[in-house]
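Here is a short report on one protein model. Look at the sequence and the structure first, then read on.

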Amino acid sequence: MKNPRKSTIHEATAGYESRLGELLALVPEDLERKHEEMRRGVFPFLRATYYRWAQLWPQVCKDLRGTDVLAVGDLHVENFGTWRDAEGRLVWGINDFDEVSRLPYTNDLVRLATSAHLAITEGGMTLSADEADAALLKGYTEGLEADGRPFVLAEHWDALRRMATERLKNPEAFWEKLEAQQRVAEDQVPASALKALRGLLPTTGQAPVYVHRIAGLGSLGRQRFAALVDWSGGKIAREAKALAPPATAWTHRSEGEVRDVIRTAVSKAVRCQDPFFAVKRRWTVRRLAPDCSRIELSQLPKSKDSVRLLQAMGWETANIHLGSASPHALLLDLVSRPHGWLHSAAEAMSAVVQDDWNAWREAPVSSLPQVQDKEPATPQKKTRKKR
């Protein structure tokens, strides 16, 4: 592989997607959509290109090695949402673990801070970059000192609860958007995805309707299916998203761990578990509902609540890291760092992301990576081959 600092964003994208296409079935139309979305703004570009971050972060921030944890990897300010725990309580926290791998804890903090800087640049958050960094570090430190605490919204965290409950005022829009997705016949859904989806659905009721779901940016291009059912007087939905090794496996030219690492990171973190989230063979499955989804940048508060929200994001990051490292080790590492380290690192990464985005959006469409519209190897054949 070419030196990451000397390769271009176009070469990195083509190389990563080529490798991804060897491992699982890709959807060419969705990848083309992703390439266009990457032009729309620097924040969407960051979300869509964790593979490039995995290349550049070790080079740009080589002095930030620290205590290793099971890190989220692709962490950013839109990687948070809500779900219901086994008691039916509304819970908030990190809700995407596709890129979990063992990394220095600083990776997650720098990426989260970088995303905040870029969101501020695009007007999605109204505070200064210094304030954002201070809020993230304050929340992360307090989370470690408290040995973590899940974010149950029934009694605390008013700002988070307002964001979550605001979406519940119009659940029709959620279902209309989901039902508008392209329908697919049952025999077009891979057998392993069908099995995973059926395992989360009631055994009685109408037969499911399956749709090809288009959502997210980092995983856009992978197969993603949702099953919708009218059940006991209302709609319910479940999603299956294709799973691949983390992008760090591509940068290190290894197969990379995936299923067990995600299960371990989620189960050992300080959190109220989502009883519907599971990793089934090569799919992650979960419940879809108006109260169980990602909070987008446009939904984030543009007031003094931004500081409290970023503190909560820092604390929740600590909740995840505490599943694989002791608070003592992380705090010792954290206090040893010079003042302003997070701001300097986030500014440096923001600059390289901005440079890559400028190169991407200025390039003609014809120069963007092209995906061959061909029938990929079936997942079942790949699985048997690896055995």
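The structure is a predicted model. Arginine 281 sits in the loop between β10 (278-280) and β11. Its phi is near 55 degrees, a positive value in a residue other than glycine.

Serine 232 also deserves a look. Its phi is positive too, at about 50 degrees, although serine 232 is not a glycine. Serine 232 lies in the loop between β8 and β9. Is serine 232 buried or exposed? Its relative accessibility is 67%, so serine 232 counts as exposed.

**The whole protein**

Now step back. The protein has 15 helices and 11 strands. It contains 387 residues, and buried residues make up 56% of them. Take the contacts between residues at least 6 apart in sequence: 80% of these join residues at least 24 apart.

Alanine 25 is placed in the loop between α1 (9-23) and α2 (28-40). Arginine 222 is 197 residues away along the chain, yet the C-alpha atoms of the two are separated by 6.9 Å. Alanine 25 has 6% relative accessibility, so it counts as buried.

**Two helix pairs**

Helix α6 (residues 129-145) packs with α5. Helix α6 also packs with helix α12 (residues 305-321). The table sets out both pairs.

| Helix pair | Angle | Axis distance | Source of the pair |
|---|---|---|---|
| α5 and α6 | about 145 degrees | 9 Å | α5 with α6 (residues 129-145) |
| α6 and α12 | about 40 degrees | 7 Å | α6 with α12 (residues 305-321) |

Start with α5 and α6. Helix α5 passes α6 in a right-handed crossing. On the α5 side, the contact is made by Tyr105, Leu109, Leu112, Ala113, Ala116, His117 and Ile120. On the α6 side, it is made by Ala129, Ala132, Asp133, Leu136, Leu137 and Tyr140. By class, these residues divide into 11 nonpolar, 1 polar and 1 charged.

Turn to α6 and α12. These helices are oblique to each other, because their angle of about 40 degrees falls between the limits of 35 and 65 degrees. Helix α6 passes α12 in a right-handed crossing. The residues of α6 in this contact include Ala132, Leu136, Gly139 and Tyr140. Those of α12 include Val307, Leu310, Gly314 and Trp315. The contact of α6 with α12 has 10 nonpolar, 6 polar and 2 charged residues.

**Histidine 117**

Histidine 117 is in helix α5 (residues 105-121). Histidine 117 is buried, because its relative accessible area of 4% is under the 20% cut-off. What does histidine 117 touch, not counting residues up to four places away in sequence? Its contacts are Ala129, Asp133, His343, Ala346, Glu347 and Ser350. Ala129 and Asp133 belong to the α6 side of the contact with α5.

Some helices hide one face. An α-helix has 3.6 residues a turn, so residues three or four places apart point the same way.

Helix α8 (residues 171-179) has the buried residues Phe174, Trp175 and Leu178. Seen down the axis of α8, they fall within an arc of 90 degrees, so they line one face of the helix. Glu176 and Lys177 are exposed on the other side of α8. What do the buried residues of α8 pack against? Their partners are β7 (209-212), β8 (224-231), β9 (234-242) and β11 (283-288).

Helix α13 (residues 327-335) has the buried residues Leu330, Leu331, Asp333 and Leu334. Down the axis of α13, these residues fall within an arc of 165 degrees, so they too line one face. The face turned away from the buried side of α13 carries the exposed residues His328 and Val335. The buried residues of α13 pack against β1 (68-71), α5, α6, α12 and α14 (341-362). Among these partners are α5, α6 and α12, the helices of the table.

Methods: Residues are numbered from 1 along each chain as its sequence is written. This is a predicted model: local features need pLDDT of at least 70, side-chain atom pairs count only at pLDDT 80 or more; totals for chains, interfaces and linings use all residues. Side-chain values use heavy atoms; hydrogens and water are left out. Helices (H or I, at least four residues) and strands (E, at least two) are DSSP runs, numbered from the N terminus. Buried means under 20% relative accessible area, exposed over 50%, partly exposed in between (1.4 Å probe, protein chains only). Contact means heavy atoms within 4.5 Å. Axes are lines fitted to C-alpha atoms, for helices over the stretch in contact, and angles run from 0 to 180 degrees between N-to-C directions. A crossing is left-handed if the near helix is turned anticlockwise from the far one by less than a right angle, and right-handed if clockwise. Ala, Val, Leu, Ile, Met, Phe, Trp, Tyr, Cys and Pro count as nonpolar, Asp, Glu, Lys and Arg as charged, and the others, Gly among them, as polar. The arc is that of the directions from the helix axis to the C-beta atoms. Angles under 35 degrees count as roughly parallel, over 145 as roughly antiparallel, 65 to 115 as roughly perpendicular and the rest as oblique.
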